[in-house]
Structure formats: C-alpha cells, structure tokens
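Colleague: Before I use any of these labels, I'd like to see which numbers they rest on. Can we go through them one by one?

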Amino acid sequence: MQMDFHYYATYCAAFIAGYSHEESLDIAYSAQFVDHCTRTLLSKIKGPLNAATTQMQLEMMDSRTDSLGLQDITRIWSPFHFLPRDLYAVKEKKCSKQYLNKYRLICGPNGDLVEKTVELAKGRPLQSVGIAMHVLADTWAHANFAGTPSLVINNTNYVFYELFPDGEGYKEKQIKFVHRTSVPDDLDNSVYTNSLYQRSENTIMNLGHGRAGHLPDYSFARYRYLPAWGDYEEIVKDNPSDYMKAFTQMIYAMKFIRGEHDAFTKDTYDTDAVEPWLSRIKEIIEKRQLIASDDWKAFGEELSGKTITDYSMDTYFDEYTNSPEEEKDDTFLGRFFLGATVHKGMVIDEIFRSGNMLAGFSKKKD
Amino acid sequence: MTVYQRIKRILFSLCMLAVALFFFFNPSDPAYKIVVAILSLGLIIAGIKDIVFYFTMARHMVGGKMILIQGVIIFDFAIITGSLANVPKIYILLYLIGVHAFSGAVEILRAREAKNTVAGPWKMKFFHGAVNIILAIACLVFIRQSNTALIIYSLGLMYSAAVRLIDAFRKTAFVVIE
C-alpha cells in the first residue's frame, strides 16, 4: 500500500472509528511513518536502530544474504509489511523443513498474528495504533507474498493478467513487466515495473512482492497470476474488494482498541460504519490512478470538516533530537520507536517459537 | 546464531586466514594451481548446491526445473575450469583488474548517492570503493610480477575472513519488550 491508504485512508478510518481529528492525524502519521523509518534515518536522528520498520533501496542493496543477513531482512519486512498468515501451515505434498519455513511466512489477512498485533496496540499510545493499522492493511495488499527473500515463494512468471470489468465478467490483458524504476507505471497499457528475475533463492530481488511490481499496492488492480508456491494453481487478486475489507477491518480494530468491543474477532468488518459513504469509498478505491491521496484527503476533510495536513516525514524530528536523553521516550517519535520495537519483538518471538529460525532468536528482556 | 554456527564460523574464518597468509608469504606456481583448484571446487559446490536446492525447495516452485538444469550446467563449467590450470596469469590479472575497478567505481558512486540524497552513512562505502580501486591499480602496476594475482587473491581472502570473524561475535538475539 502507498501513502494514499496508509496516511489518508487511515485518517478516515480512525475518524469514523471515533478518534478526534488530532488523534486521527497522529495515527495516520504513525501508520505512514512505518514506510519511512529506516536505519539510515534512525542514524541521522540518533534513534534506536532496532526500531527500523523498513529499509531503503540503498540499504537493501547492501544487505547480506547469509543467514544473519536474511534474519535481519526478515525481522523488518515480516513484522511490518508481510505479516505471516499461518506460522504452522502445512503443505499437502511432502516438503523439506527449509521450504516449509519460508512457506509459513507467506502473508495474508485474518491470521493469528493480526489478532495479536491489534491486541498489543490496545492500551498503548496512538503511535502503536498507527503501526498496527499499517500492518493490518498490508496483510490485505501484500497477501500471498512473504517478507523474506525467496525465489521459491515470491517469484512470478509470464502468467500475469490484469482484469477489467466487462459486463457481468472481466476481460483480460497480459501485463508487461519492465525494470525501469525511473519511469512511472503505464496504467493505460498495463506496463508495470518489477524487480529483476534472479535465480538465487535469497537475493533481495526476491523479497516480498517485488516480482509483481507495485500491482498489490494499487487499490484499483484486479489480476490473476501464478504464484511460485501455488502448485500451478492460479490466484485471482481482487484489490478493490480487499482494500474495502482492509478499510472496514481497520475501523473495527480501532473501535476495539477504543474499548467499543470486548474482543477483536478475526474476519469481522465494520461495514455498517461506512454505509453512508459506501459508493464514495468504492469510487476512490476503483479509480485507476497512480496514487489516490487527493481523493482520500478530500473525503477525510469532508468527514471531519478539518484540514488534513499533508504528510511530512520530518514533522517530529526536531522534538526528538532536541529532547534530553531521559525524555526522548516521551516524545512522539520516542513512543513510535518503542511501539515498533514491541511489535517487532512480538512477531519475531512468535516466529522463533514456531520453530522457524528465519527471523533468528528472541529472548525476553530481564 | 547458535553456538554451533558461531564455532563453525570462527573455524572457517581461521582456516581462510591461514590459507590466505600461506599464499601471501609463499606465492608460487603450485600455490597458483591450488587457487585454480579452489575456484573449480567452488563452482562444483555451487552446481551441487543448485541441484540440492532443486530437490529440497525448487521442485515445489512453478518453473523450478530450470534450477536443476542450471545446476547441471554449472557443474559442467566447474569441471572445465578445473582443466584450465595452465591459463597465462595475465588473463587472471586482467580479470581481477576488471572486477576490482568495476566494484570500486560502483561503491564510490553509491557512497556519493548516499551522501547526497539521504545524508546517510557513506564513509564505509567510500572506503570499500577506494580499497577496490587501489587493488585494481596494484594489479595494473604489478602486472609483470608473476605472483600479483595470488597476492591480491590472498588479500581478498584475508578481508573476507576478518569480516566473518567479526560477525561470529555479534549479538544476534532480538530482545523482546512487553
């Protein structure tokens, strides 16, 4: 997902869930900051490096792909962008433990870890709520890819078709993938940028949905393709439907965090809450555009009647860097870093306890 | 990292260091042949690794048979490399010059990018780039010396061994805060 959903749509969901304008902005900022909190940035503002929630391209190119390097990458991408759906999944056909460990990191919605993520955010600062909403939303967008480099899981091939509504059904157009990162995706001709095919299992090119380009991040996209792990069974990905579920699940989750529900139950969506604006939301989600920020922003401003300030990454940098050491944890970013570290630790611990070493060891703080 | 992994890493680094030092202080034709044998062995291992990778993982992947075919081709290539122990050393040196100059240039450009765009850590990258360029120049300057290839190779081995050794002592467990 992109800034349109992580910042502006998250603001809308938070406001509908009952948060004030200011609180919704804080949640939205935190949800979006998950895509910017790199080690490079943390070094710059002298934050804790363990709190990194993403990696920039330069950092990824420098990442090693030995077992330690892989653990480092998995510790960032699995907890925050590709939350595993089922850490105890089994394959019908017999396979090696090595394969199974990667297979079990495949991301998807409504897994046990989503439940734990939302429950962990309850009673914590708004920054943790934002982090949880980022993670929850990405389980829908990034479903069927894993947050660890893996050719055998994340690879795609030429069987990749975009689906366009046509009467009762869909017409198909084969997607052309190119590797020009400097050129924006050509939506009119279904030409998208993806990562290079590399036959090495652990190369960074095979991380997440790189091989499928930005398609999972576009709310309007519908496509069918052959996932590398799917035993030659095709998947039809309906992003408009998934993004709507993500939006309504976020509202439900935030209502739970606010105490309106006693428990967070998986596969539950607050569709009633969006009923008055359903067609408007569908229109935004289905509109073919590279980024839907303006539409979500306009919708959010209509909802709250307030101006939504544009996302600016460095909003809270000065507050953090100018605070004395002992007060840093109480700053906006300090609370974000703590929330990110707590969430990361929870996911790494769950992966470790499932007997999967791809995210390395974890140990409880004494 | 488990204790076993740490011990394995330390022992392997020490072996690399010992071999590198031996080559560095005793550069000779037999040593050169050993290097070619090591390179050939490396390719054999890469080929076998691909074949094992196919049977353990890639056979579950769409289009995974390609990995098996690649493994067999690399294995063949390894055997051919092993038979090339008598290739004139100048070709090896030209190869080393190309590799180091290219890697050095790329690292320096990336250091520049890191410095300009994100104000991130760039000094280490620049240092790596500079070392690579120096090695390329050294190959060029000492191209007539018969043992240059071996000495440069030894320096590379020493560097890798040192990095692995440092890694073996890194703290790797993630501390969970509740």
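Colleague: What makes A:K46 count as exposed?

Modeller: A:K46 has 11 C-beta neighbours inside 10 Å. The cut-offs are 20 or more other C-beta atoms within 10 Å for buried, 12 or fewer for exposed and partly exposed in between, with C-beta atoms placed from the backbone. So A:K46 lands in the exposed class. Bear in mind that this is a predicted model, where local features need pLDDT of at least 70 and side-chain atom pairs count only at pLDDT 80 or more, while totals for chains, interfaces and linings use all residues. As for labels, residues are numbered from 1 along each chain as its sequence is written, and chains are lettered from A and ligands numbered from 1 in the order in which they are written.

Colleague: Where does A:K46 sit, and what is its phi?

Modeller: A:K46 lies in the loop between α3 (39-45) and α4 (57-62) of chain A. Helices (H or I, at least four residues) and strands (E, at least two) are DSSP runs, numbered from the N terminus. Phi of A:K46 is near 60°, and the residue is not a glycine. Most residues other than glycine have a negative phi.

Colleague: And A:S190, is that one buried or exposed?

Modeller: Buried: A:S190 has 20 C-beta neighbours inside 10 Å, so it meets the cut-off for that class. A:S190 too has a positive phi without being a glycine, here about 55°. Its place is the loop between β3 (176-178) and β4 (191-193) of chain A.

Colleague: Why are β2 and β6 of chain A called edge strands?

Modeller: Start with the order, which is β2-β1-β5-β6 in an open sheet of 4 strands with antiparallel pairing. β2 and β6 (235-238) each have a single partner strand, so one side of each has no neighbour in the sheet. Pairing asks for at least two bridges found by DSSP.

Colleague: How many bridges does β1(A) make to β2(A), and how many to β5(A)?

Modeller: Strand β1 (residues 160-166) is joined to β2(A) by 6 bridges and to strand β5 (residues 222-225) by 3. Take A:E162: its bridge partner in β2(A) is A:K173, and it stands opposite A:Y223 in β5(A). The hairpin of β1(A) and β2(A) has 2 residues between the strands, and A:G167 takes a positive phi near 65° there.

Colleague: What makes you say that β2(A) is hardly covered?

Modeller: Strand β2 (residues 169-174) has 6 residues, and the count of buried ones is 0.

Colleague: Why is α2(A) called oblique to α8(A)?

Modeller: Helix α2 (residues 21-33) and helix α8 (residues 126-141) cross at roughly 55°, with axes coming within 7 Å. Axes are lines fitted to C-alpha atoms, for helices over the stretch in contact, and angles run from 0 to 180 degrees between N-to-C directions. Under 35 degrees is roughly parallel, over 145 roughly antiparallel, 65 to 115 roughly perpendicular and the rest oblique. That makes α2(A) oblique to α8(A). By class, their contact has 8 nonpolar, 4 polar and 2 charged residues.

Colleague: And what about α5(B) and α6(B), how do their directions compare?

Modeller: Helix α5 (residues 123-141) and helix α6 (residues 148-168) of chain B pack at about 165°, with axes 10 Å apart. They are therefore roughly antiparallel to each other. The contact involves B:L135, B:A138 and B:C139 of α5(B) and B:T148, B:I152 and B:L155 of α6(B).

Colleague: Which secondary structure does chain B have overall?

Modeller: Chain B has 6 helices and 1 strand, in the pattern α-α-α-α-α-α-β along the sequence. Of its 178 residues, 22% count as buried.

Conventions
Contact = placed C-beta atoms within 7 Å. Nonpolar A, V, L, I, M, F, W, Y, C, P; charged D, E, K, R; others polar.
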